[in-house]
Amino acid sequence: MQSKHVFIYTIGCQMNVYDSQQMTAFLASDGYTPTEDIDTADLIIANTCTIRAKAEQKAFSFLGRLATAKARRPGLIIAIGGCVAQQEGERILRRVPHVDIVFGTHAVSRLPDMVRQVAQRRCRIVDTTQVEGIDAHEFLPTIATPSPVSAFVTIMRGCDNYCTYCVVPHVRGREASRSASEIISEIEGLVAGGVREVTLLGQNVNSYGEKEGISDFPELLAQINAIDGLTRIRFTTSHPKDLSEPLMCAFRDLSKLCDHIHLPVQSGSDTILKGMNRQYTRSVYLDRVAQLRTYCPTIAITSDIIVGFPGEDEADFQATQSLIDAVGFDGLFVFMYSDRPNAAATRLPEKVAETVKRDRLQQVLSQQEAHTRRRHRALVGQTVTVLVEGRSKQDHAASGGVGARLPVQWMGRTDGNKIVNFAGVDEGSGERRNLTGSTVDVIIKKALAHSLWGEIAPRR
Ligand code: 5AD
Ligand code: SF4
């Protein structure tokens, strides 16, 4: 079979990163190998996101830039997948004349067939069919991961929560969970290939298996914890309303489950939480955080905040700020609210001005910076266990020209997901041990704004 190249441009969340890996896996049987060089690609795929208006704009500007490539190379096939494709469907063919394939969030497994049809008949195809449930044939074993050490595994798709600002239920469909046996065998395969850490993905992993009555999330975690050769388990995202006591116990009881939870709060104001249809109050959220910390005192908690939801006044915003101080998050992602197609909040009248949103965003970012610094500083002098993901970026910069004289620098993460850069031992013989994939004890020497700096701890 003739080798052809596919270039995939991934926008958005970790789930899209996983979906792009799935596209690579499905296309491999048709002779496509991934390339980083867009100019040599026979097939270009934009895997898109529509969670916020900006992500959608990014997709269309990428597609726009492909017009000249298509004019120069008419045999080039251009496909758009993911959430924008699902949302816009046929409209994309009218808006972007050089697009050949529009495939939605449930159509990844049918992609090779669509590509074959376009190659043979030069037709244009739209497939945005969505189904209830999830079929084993929609997934293949992952053949490439973003890092050799750490991989994503989707355990469920879709969402039934209908938060009023959110487009996800409209573009990813109804919630559906993969079977535990399928997930376990996918992880076993990844571990056999050298992966040490998996991040389980879903819009709301806490409700895994609920609809199907297959197993629940803590049970699934216990099964994954038993996989030999796996070092760490992470998951994202959790909905605070579904954070159960058995899951909190899992943090205490499962040795491989990292002490980190991403628990999006979105707002600290009860009025806004109600308007968002989040189904919990500020005090319920704070109680859950306190309870989590009793089960797992070292747990790192990160969150998402939306500023400028329709109707958010100064008092609501202050409630968010006071919640941020009350929790003292380890990290925050902060977003300015944007209207999304079909999301209920789009129809709410009291829109907040862009300038106010921008100002609130800045305020929250600087407020959080102080918390992140404080948490980083608290680690100085402590020994932490780091799972090494590879050479540090600083190493590549530092080694320009004089690399041989400098000790190698490595990058990894703590259990609590904090990035640590550290100098490896320079044995002086030119033979340096590759630490990628191993766990190393590191003494933290310096706290930086976004990372920590340390040295390998002497062996006890
Ligand atoms: N506007 C701004 N932020 C949004 N998010 C989801 N929808 C919107 C929107 N319409 C944010 C939420 C969510 C994260 C993934 O993206 O904070 O948790
Ligand atoms: Fe969107 Fe809410 Fe579902 Fe998360 S839980 S994907 S924010 S609707």
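These entries record what I looked up in a predicted model of one protein chain with its ligands.

**Conventions.** I number residues from 1 along each chain as its sequence is written, with chains lettered from A and ligands numbered from 1 in the order in which they are written. In this predicted model, local features need pLDDT of at least 70, side-chain atom pairs count only at pLDDT 80 or more, and totals for chains, interfaces and linings use all residues, while side-chain values use heavy atoms, with hydrogens and water left out.

**Overall fold.** I found 15 helices and 19 strands in the protein chain (DSSP runs numbered from the N terminus: H or I of at least four residues, E of at least two). The radius of gyration of the protein chain is 23 Å, which agrees with the value near 23 Å for a compact globule of 460 residues (C-alpha atoms; rule 2.2 Å times the number of residues to the power 0.38). I noted that 54% of the 460 residues count as buried (under 20% relative accessible area, 1.4 Å probe, protein chains only). Among contacts (heavy atoms within 4.5 Å) between residues at least 6 apart in sequence, 73% join residues at least 24 apart.

**Ligand 1.** I listed the surrounding residues (a heavy atom within 4 Å of the ligand): Ile51, Arg52, Tyr165, Gln266, Asp304, Ile306, Phe335, Met336, Tyr337, Ser338 and Arg340. Strand 13 (300-307) and strand 14 (331-336) each supply at least two residues of this shell. By class I recorded six nonpolar, two polar and three charged residues (Ala, Val, Leu, Ile, Met, Phe, Trp, Tyr, Cys and Pro are nonpolar; Asp, Glu, Lys and Arg are charged; the others, Gly among them, are polar).

The side chain of arginine 52 places an N or O atom 2.7 Å from an oxygen atom of ligand 1. A polar side-chain atom of glutamine 266 is also 2.7 Å from an oxygen atom of ligand 1. For serine 338, a polar backbone atom is 2.8 Å from a nitrogen atom of the ligand. Ligand 1 taken alone exposes 400 Å², and the protein buries 87% of that (Shrake-Rupley method, 1.4 Å probe).

**Ligand 2.** Around ligand 2 I found Cys159, Asn161, Tyr162, Cys163, Tyr165, Cys166, Val168, Pro169, Gln203, His239 and Arg278. This shell divides into seven nonpolar, three polar and one charged residue.

**Aspartate 242.** I located aspartate 242 in the loop between strand 11 (232-236) and helix 10 (245-253). Beyond its neighbours within four places in sequence, aspartate 242 is in contact with Asn204, Asn206, Ser207 and Arg288.

Terms used. A polar contact is a pair of N or O atoms within 3.5 Å; within protein, one must be able to donate a hydrogen and the other to accept it, and residues adjacent in sequence count only if both atoms are side-chain atoms. Buried means under 20% relative accessible area, exposed over 50%, partly exposed in between (1.4 Å probe, protein chains only).
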